[in-house]
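Please look over the sequence and the model shown here, keeping the helices and the aromatic side chains in view as you read.

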Amino acid sequence: MDQTLAIIKPDAASRALTGKIVSRIESNGLKIIAMKLIHMSKDQAEDFYIEHKERPFFDSLTDYMASGPCYVIVLEGEKAQLQWRDAMGATNPVDAADGTIRKDFGQSLEQNSVHGSDSPSSAAREIAFFFSELEIM
Ligand code: ADP
Ligand code: MG
């Protein structure tokens, strides 16, 4: 079994879409093995998205991620990273396939409702960023 980190980003958490997104997770056969509500500081958001430090959208992205509460979630399932990214859809909601979360709920390229790790190594790093072993079932 593989694990991945999902985030219900501030735009979705603030519009009361958490239940709908959790329902998509569960109907895709992914299992929630840890979940908590957090409000990242700007510093924490910058650390989390360090790979994008040189990108022009970095400052705006990290302001947004620190703008309100979000849910961080560990998912388990076969090919969990791929499966969850399929359910999320393309980064830009305009390009996301019908039936994906970003297509249905995303507000803009930046405020695209959900995050998912893009590889086993990023999943390991991102899960350890938010959770201790004790917090994961
Ligand atoms: P993904 O979340 O699909 O893995 P990236 O890792 O490329 O996408 O980017 C991380 C996040 O940064 C995106 O989910 C989105 O919120 C934001 N983002 C990406 N590209 C842009 C952009 N060109 N302008 C504004 N925000 C962006
Ligand atoms: Mg990414």
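Predicted model: local features only at pLDDT ≥ 70, side-chain atom pairs only at ≥ 80, totals over all residues.

Residues are numbered from 1 along each chain as its sequence is written, chains are lettered from A and ligands numbered from 1 in the order in which they are written, and side-chain values use heavy atoms, with hydrogens and water left out.

Helices and strands are DSSP runs numbered from the N terminus (helices H or I, at least four residues; strands E, at least two). In helix α4, residues 58-65, the buried residues include Phe 58, Leu 61, Thr 62, Tyr 64 and Met 65, where buried means under 20% relative accessible area, exposed over 50% and partly exposed in between, with a 1.4 Å probe and protein chains only. These residues cover an arc of only 155° around the axis, which puts them on the same side of α4; the arc is that of the directions from the helix axis to the C-beta atoms. Among the elements that cover them are β1 (2-8), α1 (10-14) and α3 (42-48), contact being heavy atoms within 4.5 Å.

Helix α7, residues 120-130, has Ser 122, Ala 123, Glu 126, Ile 127 and Phe 130 as its buried residues. They cover an arc of only 130° around the axis and therefore lie on the same side of α7, whereas Pro 120, Ser 121 and Ala 128, on the other side, are exposed. The cover over the buried residues of α7 includes β1, β2 (31-38), α3, β3 (70-77), α5 (80-88) and β4.

His 115 belongs to strand β4, residues 114-116, and counts as buried at 8% relative accessibility. Its side chain makes a polar contact of 2.9 Å with the side chain of Glu 126, a polar contact being a pair of N or O atoms within 3.5 Å; within protein, one must be able to donate a hydrogen and the other to accept it, and residues adjacent in sequence count only if both atoms are side-chain atoms.

Ring pairs link Phe 48, Tyr 49, Phe 129 and Phe 130 into a cluster. Rings of Phe, Tyr and Trp (its six-membered ring) pair if their centres lie within 6.5 Å, and planes under 30 degrees apart count as stacked, over 60 as edge-to-face and the rest as tilted. By this rule there are four aromatic pairs. The rings of Phe 129 and Phe 130 have centres 4.8 Å apart and planes at 75°, so this pair is edge-to-face.
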